[in-house]
Amino acid sequence: MVDRRNFICHASQWALAGAGLLGASRLRGQAAFSSLAAAPAAAPPLPPSGPITGPGSLRAHAAARGLLYGSAVDIGLLRNDAAYRQLLIDQCGIVVAENAMKWAAVHTAADRYDFSQADELVAFAEQHGIKVRGHNLCWHEALPGWFASTVTQQNAAHYLTDHIRTVAGRYKGRLRSWDVVNEAISPGDGKPDGLRDSAWYRLLGPGYIELAFRTARAADPHALLTYNDYGIEYDHPASFIKRAAVLALLRRLKAAGVPIDAVGVQSHLDATTSGLGPGISEFVAAASALGLKVFITELDVNDDNLAPGQPAALDAAVAGVYGEYVTAMVAKPAVTDVLTWGLSDNHTWLNSTKTHKQKYPGREERALPFDDAYQPTAAFYALLDALGSHPVPGHIS
Ligand code: G3I
C-alpha cells in the first residue's frame with residue numbers, strides 16, 4: 001500500500017519526478033520530514049458543554065447548513081461493535097465502505113460476485129436514513145487475487161464494464177455518489193498527462209477512465225459520479241504538480257462530454273503541515289467552474305511527524321488542522337460532503353502504515369474525531385465548529 005504521507009514529505013522528489021527527472025517509481029516507506037515539528041504547547045480548547053448527539057452531533061451541524069458529514073465504515077465493526085454502530089447512527093449523515101465495495105471484496109472470482117458485506121452496509125444506512133457513497137469502481141489497488149492472471153488487454157474492457165454494470169447496477173438509485181475512478185494521476189510515473197502507470201493504464205490505455213464513467217452513468221443515472229484522488233491539498237511542489245494534472249484530467253473529461261459530477265479531495269492531511277495555501281481554494285473554484293461538486297472524501301490528520309508529546313498537545317495540533325482546513329473548504333458552496341476516513345483512532349488505517357509502525361509501534365494515531373473509547377477528541381469539536389462556519393444553508397441535491 002502506498003503510504004500517502006510520502007506525498008507531503010517528498011515534495012522535492014515528486015517535483016523532480018513531475019519534471020521527468022526521476023524514474024517511474026512509487027515512493028514508499030518512511031515519512032521523511034527532516035525535522036520533527038514540536039506540537040504546540042497550548043492545550044486543546046475545553047469541550048463545550050452539552051450533548052454531542054442529536055442537535056449537538058456532527059450530522060446535525062452539517063445538515064443545518066446544507067452539508068453532509070459522514071465517515072468510512074469498517075464492516076467488521078459494524079457487525080460486531082454496538083457502540084460503533086450507535087456512533088455511526090448518531091454522527092453520520094452519509095457513510096462510505098472503507099473496503100466492502102472494492103473489487104477484492106465484491107468480485108471474488110472472475111465469474112462470481114459476493115455482495116454480503118456491501119449489502120449489509122447499504123441496508124444499515126437505509127434503515128437509519130443515512131446516505132451512502134460507493135467506493136470504488138476502478139482502482140489499481142484492492143484488486144482480487146484472480147485479476148492479474150485473468151485480465152488481459154483483450155478482455156480488460158469486458159471485465160471493467162461487467163464489474164461496473166453489476167456493482168453500480170445493484171445499487172441503482174440508492175447511492176448518493178460513486179468514486180468511479182480512484183487515484184489515476186501519479187506524475188512521478190512519467191506517463192503523458194501525469195497518468196498513473198497502473199494495471200488499468202497498461203491494459204486499456206488512458207481511455208479506461210472515460211469507459212468507466214460512461215459505464216457507471218448507464219448503470220446508475222442517479223449517482224453523482226466522482227473522480228477521487230489524494231495529495232492535491234497542499235501548496236507544496238508535489239501537490240502543485242498533481243493538482244494541475246488532476247484539474248487537466250477533469251477538463252479533458254468535461255470537454256469530451258464524459259459524465260462526471262464531482263471531484264473527491266481525499267484530504268489525508270498531516271498535523272505538522274499547515275502549508276494549506278491558496279492552491280486548494282483555486283482548485284475548488286476551477287472544479288466548480290466546470291460544474292463539479294467537491295467532496296472531502298477521506299479526511300484524517302496524522303500526527304506521526306509531531307515530536308512525541310503529551311496527548312493534549314498532539315490533539316491540539318490535529319484539531320488545529322481540522323479547523324483550518326474544513327473551515328476554508330466548506331466556505332465554498334461547491335463543497336457539500338465532508339467524510340472522515342473512519343470515526344475513531346483505534347480503527348484508522350494510519351495505525352497500519354509502515355511509517356507509523358516503524359516510528360510509533362503500539363501507539364495509536366490521534367487522527368479522527370473520536371478516541372479509542374469512542375469519546376470526542378479535540379478534533380471532534382474543531383470539526384463541529386468548522387461545519388458551523390458554512391455561510392449559507394444550502395440544499396443537498
Ligand atoms: O479482508 C482481508 C482479510 O481477510 C485478511 O485476513 C487480511 C490480512 O491480509 O487482509 C484483509 O484485507 C485488508 C483490508 O484493508 C480489509 O481490512 C487488506 O489486506 C488491506 O490492504 C486493506 O487496506 C485498506 C486499503 O485502503 C487498501 O484497500 C485500508 O483498510 C483502507 O483504509 C485504505 O483506504 C484507502 C482508500 O480506499 C483509497 N484512498 C487511500 C486510503 C488509504 O490507503
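Predicted model: local features only at pLDDT ≥ 70, side-chain atom pairs only at ≥ 80, totals over all residues.

Which of the 15 residues around the ligand come nearest? They are Glu-98, Lys-102, His-135, Glu-298 and Trp-341, where a residue is near a molecule or strand if one of its heavy atoms lies within 4 Å of it. Residues are numbered from 1 along each chain as its sequence is written, and side-chain values use heavy atoms, with hydrogens and water left out.

**The ligand**

Select the ligand together with His-135, Glu-183 and Glu-298. A side-chain N or O atom of His-135 is 2.7 Å from an oxygen atom of the ligand. In the side chain of Glu-183, an N or O atom is 3.0 Å from a nitrogen atom of the ligand. Glu-298 places a polar side-chain atom 2.7 Å from a ligand nitrogen atom. The ligand taken alone exposes 800 Å², of which the protein buries 51%; accessible areas come from the Shrake-Rupley method with a 1.4 Å probe, and for residues only the protein chains shown count as cover.

Now colour the surrounding shell by class. It has five nonpolar, five polar and five charged residues. In this scheme Ala, Val, Leu, Ile, Met, Phe, Trp, Tyr, Cys and Pro count as nonpolar, Asp, Glu, Lys and Arg as charged, and the others, Gly among them, as polar.

**Parallel strands**

S1 and S2 pair in the parallel sense over four bridges, and two strands pair if DSSP finds at least two bridges between them. Across this pairing, Ala-72 stands opposite Val-96, and Ser-71 stands opposite Val-95. All six of the six residues of S1 are buried, meaning under 20% relative accessible area, with exposed over 50% and partly exposed in between (1.4 Å probe, protein chains only).

How do the side chains of S2 point? Ile-94 and Val-96 point one way and Val-95 and Ala-97 the other way, and all are buried. In a regular strand the side chains alternate between the two faces of the sheet. Then show S3 (residues 131-135), which runs parallel to S2 and is joined to S2 by three bridges. Val-95 stands opposite Val-132 in S3.

Select His-135 and Asn-136. The peptide bond from His-135 to Asn-136 is cis, with omega near -10 degrees. Asn-136 is in the loop between S3 and helix H8 (147-150). Phi of Ala-142 is near 55 degrees, a positive value in a residue other than glycine, and Ala-142 is partly exposed at 29% relative accessibility.

Asp-193, in the loop between strand S4 (177-182) and helix H10 (199-204), has a phi near 60 degrees, likewise positive in a residue other than glycine. Its relative accessible area is 47%, so Asp-193 counts as partly exposed. Most residues other than glycine have a negative phi, and most peptide bonds are trans.

**The nonpolar core**

Which members of the largest nonpolar core touch the most other members? Of its 120 residues, they are Trp-178, Val-181, Phe-213 and Tyr-227. Helix H14 (residues 311-330) gives the most to this core, with 10 residues. A nonpolar core is a set of buried Ala, Val, Leu, Ile, Met, Phe, Trp, Tyr and Cys residues joined through side-chain atoms within 4.5 Å.

Ser-344 is buried, with a relative accessible area of 1%. Its side chain makes a polar contact of 2.7 Å with the side chain of Asn-346; a polar contact is a pair of N or O atoms within 3.5 Å, and within protein one must be able to donate a hydrogen and the other to accept it, with residues adjacent in sequence counting only if both atoms are side-chain atoms.

Finish at Ala-307, in the loop between strand S8 (293-302) and H14. Ala-307 is partly exposed at 23% relative accessibility.

How values were computed:
Helix = DSSP H or I, 4+ residues; strand = E, 2+ residues; numbered from the N terminus.
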